[in-house]
There are 2 protein chains.
Amino acid sequence: MVTLEDVARHAGVSLATASRVLNGSTRQVGASLRAKVELAATQLGYRPNVAAQALARGAGNVIGLVVHDLVDPYFAAIADGAMRVAESRGLVVMVGTTHRDPEREIAYVSTLNAQRVCAVLLAGSRTADPHVTRRLREELDRYREGGGRVACVGQDLLDADTVVPGNAEGAAELARTLAGLGHRRFAVLAGPAGLVTARDRVAGFAGALAGLGLPAPRLVHGPFDRDGGYTAAAGLADGITAPDEGVTCVFAVNDVMAVGALAAFRDRGIRVPQDVSVAGFDDIATLRDLVPALSTVRLPLQDMGARALELALDPVEEARAELVTGEVVLRESTRRVGPQAPG
Amino acid sequence: MVTLEDVARHAGVSLATASRVLNGSTRQVGASLRAKVELAATQLGYRPNVAAQALARGAGNVIGLVVHDLVDPYFAAIADGAMRVAESRGLVVMVGTTHRDPEREIAYVSTLNAQRVCAVLLAGSRTADPHVTRRLREELDRYREGGGRVACVGQDLLDADTVVPGNAEGAAELARTLAGLGHRRFAVLAGPAGLVTARDRVAGFAGALAGLGLPAPRLVHGPFDRDGGYTAAAGLADGITAPDEGVTCVFAVNDVMAVGALAAFRDRGIRVPQDVSVAGFDDIATLRDLVPALSTVRLPLQDMGARALELALDPVEEARAELVTGEVVLRESTRRVGPQAPG
DNA sequence: CTGTTAGCGCATTCAG
DNA sequence: CTGAATGCGCTAACAG
């Protein structure tokens with residue numbers, strides 16, 4: 001491996017001079033020496049050792065990104081947004097996936113701390129477990145004590161700059177819109193009981209229903225992914241085919257679950273939206289190719305990832321939490337229904 | 001930031017001793033001192049500085065991963081596979097996306113070289129441009145001269161261990177299967193002319209057709225993504241509705257293009273598979289939720305990513321290229337057709 | 001078993 | 001403008 005010293009010797013200059021021309025220092029170097037150094041560097045194929053630079057400078061150029069699952073389009077979009085701003089600033093990204101294990105999230109923050117990344121970005125819902133949340137916060141504090149910056153997209157529970165999706169608000173708006181379509185009896189594929197995002201969306205949805213004087217939705221809990229949505233919807237199938245008291249609309253707390261629900265209904269010959277309406281949340285990119293196209297609450301995922309990283313990188317006083325409002329978008333999977341027969 | 005020296009002082013031991021207990025060295029340390037050090041470390045919240053470790057040891061624990069687009073399920077799956085084996089080995093992953101720009105791929109290898117990652121993984125098709133390929137290879141050579149390991153998933157064009165998808169073979173097998181269903185006139189959404197993967201799949205498909213004595217397929221080039229598939233298919237629509245000489249089956253050289261094609265046909269009232277059969281390639285995860293379910297050639301994407309990283313990490317003599325055979329899987333998007341009326 | 005001492009590759013004072 | 005010297009945080013021989 002060729003080092004700066006090799007280059008300096010090869011060019012017949014001092015180490016310091018070589019360093020100055022090769023690293024964009026503020027100091028000026030004479031044209032002739034500069035040329036010599038640059039020549040030697042390219043000839044030898046010199047590549048700076050960023051680890052050494054980071055050590056000497058006390059500041060690196062890598063940022064850490066922690067997501068639950070890269071294969072989930074939701075996180076892929078957020079990661080993509082964050083990586084674009086990272087790239088635009090000459091930063092390199094270290095990515096870790098927790099596969100929805102909070103312990104791994106904590107472990108990863110520790111790892112990123114050891115890597116001395118200049119900022120870490122935590123994407124994804126917090127868990128309701130106060131114990132793990134406390135431990136995660138402690139780990140983050142340790143990291144921040146060392147000068148690290150942290151930002152998240154999700155709930156503002158970590159004392160960090162946070163891009164907060166309007167989960168409750170969006171779900172409430174969705175509920176009102178759906179009610180406006182004539183729906184009265186709802187089911188909610190509610191995800192895991194311990195996931196704050198899922199919880200907030202359920203609460204927002206149920207709260208809006210209550211505000212409208214409508215009956216409480218039927219809740220079915222399960223995993224936060226596609227198969228979780230499938231299973232939950234399958235368990236619902238009976239309630240939907242029953243002519244009386246049947247739910248006419250099901251809200252899955254995220255799109256991938258809604259996709260699973262669509263599949264479950266399809267497999268059982270239940271037509272969407274004729275037999276039941278279905279709505280999701282997030283507006284992941286793959287949605288537009290579904291049949292029927294899924295109604296949902298749109299979140300600007302890439303922007304959120306990008307914005308979160310900006311928050312981490314440009315420490316603004318008093319700009320802790322930024323709320324992002326979701327926009328209800330109605331597509332083919334939800335339809336207007338006639339007034340219900342009185343119970 | 002608390003350093004090893006702080007810990008050593010706090011524990012009343014030497015730097016070396018502290019290092020030995022905290023970093024899993026082979027050397028043994030007495031129980032009492034060990035306890036003191038561990039206590040001091042946790043009390044102070046010590047986190048090793050991996051950059052310094054890497055410098056001192058001359059070996060890091062980060063690997064680099066370069067993909068074209070993280071949002072594309074194809075790359076997400078490969079990345080996921082690679083990241084799983086990385087994690088199992090205690091390695092951390094630096095991810096870069098090229099957004100299909102070969103220049104960025106070269107630049108990223110340079111960056112990863114500067115980071116002194118212990119291995120780099122290049123995923124995605126090569127371009128047919130010999131000039132960029134040469135420059136990329138030079139950059140890789142420089143990296144390897146420094147002791148770096150490289151592996152790819154794609155074509156074996158970089159003098160590196162490579163997991164090679166059986167593109168031509170899989171496409172050929174697909175062509176034969178489709179012909180067996182009675183199809184005679186095909187169209188191929190061929191992707192960019194300069195992308196080797198696209199090229200190989202087209203060639204394999206067309207070659208098999210020729211071998212069967214069937215007419216050459218109609219080729220439509222375009223971008224390698226969903227919208228490219230949409231546009232290409234839209235341009236085809238006339239040829240399909242024409243009763244005579246019309247193609248009965250279209251092969252998109254990858255699944256995301258096929259998804260776009262499905263959308264284009266749907267928007268035009270062309271039914272799949274009644275009016276035209278459609279097949280893709282890759283078997284990305286999102287496929288199972290499409291209607292109609294898409295026929296394709298299955299590639300074990302995660303395994304390929306995982307395997308490639310293993311190749312990079314466990315340098316085996318003479319195991320340069322590993323071919324992965326794709327498996328044709330027929331679903332609802334392709335149907336059997338009656339014998340064609342003679343021209 | 002434990003402590004001392006050199007570097008790893010580079011940025012940066014500080015002199016000249 | 002240029003060079004010599006110091007230290008970043010840690011590991012790995014060497015001595016005790």
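## Close-up views of a predicted protein–DNA model

**Strands S6 and S8 of chain B run parallel and are joined by four bridges.** S6 covers residues 186-191 and S8 covers residues 249-252 of chain B. One bridge pairs B:Phe186 with B:Cys249 in S8(B). Strands here are DSSP runs of E with at least two residues, helices are runs of H or I with at least four, and both are numbered from the N terminus. This is a predicted model, where local features need pLDDT of at least 70 and side-chain atom pairs count only at pLDDT 80 or more, while totals for chains, interfaces and linings use all residues. Residues are numbered from 1 along each chain as its sequence is written, chains are lettered from A and ligands numbered from 1 in the order in which they are written, and side-chain values use heavy atoms, leaving out hydrogens and water.

**Zoom out a bit, and S6 and S8 sit in an open sheet of four strands in chain B.** The order is S7-S6-S8-S9, with parallel pairing (two strands pair if DSSP finds at least two bridges between them). S7 (218-221) and S9 (277-279) of chain B are at the edges with a single partner strand each, so one side of each has no neighbour in the sheet. From one strand to the next, the twist averages 20 degrees (axes are lines fitted to C-alpha atoms, and angles run from 0 to 180 degrees between N-to-C directions).

**Another open sheet has 12 strands, drawn from chains A and B.** In chain B, S5 (residues 161-165) and S11 pair in the parallel sense over four bridges. Look for B:Thr162, whose bridge partner in S11(B) is B:Ala321.

**Helix H8 of chain B spans residues 167-180.** Its 14 residues reach 20 Å from first C-alpha to last, close to the 20 Å expected at 1.5 Å a residue (the expected span is 1.5 Å times one less than the number of residues). The buried residues include B:Gly170, B:Leu174 and B:Leu178 (buried is under 20% relative accessible area, exposed over 50%, partly exposed in between, with a 1.4 Å probe and protein chains only). After the helix comes B:Gly182, with a positive phi near 105 degrees.

**Here 25 residues surround DNA strand C.** Among the closest are A:Leu4, A:Tyr46 and B:Arg27 (near means a heavy atom within 4 Å). Sugar and phosphate make up 64% of the DNA strand C atoms within 4 Å of the protein. A polar side-chain atom of A:Tyr46 is 2.5 Å from a phosphate oxygen, while a polar backbone atom of B:Ala56 is 3.2 Å from a base oxygen. H4(A) gives the most to this surface, with four residues.

**And 27 residues surround DNA strand D.** Sugar and phosphate account for 68% of its atoms within 4 Å of the protein. A phosphate oxygen is 2.4 Å from a side-chain N or O atom of B:Tyr46, and another such side-chain contact, at 2.7 Å, involves A:Thr17. A backbone N or O atom of A:Ala56 lies 3.3 Å from a base oxygen. Helices H2 (15-22) and H4 (50-57) of chains A and B each supply at least two residues of this surface.

Definitions and conventions
Polar contact = N/O pair within 3.5 Å; in protein donor to acceptor, adjacent residues only side chain to side chain.
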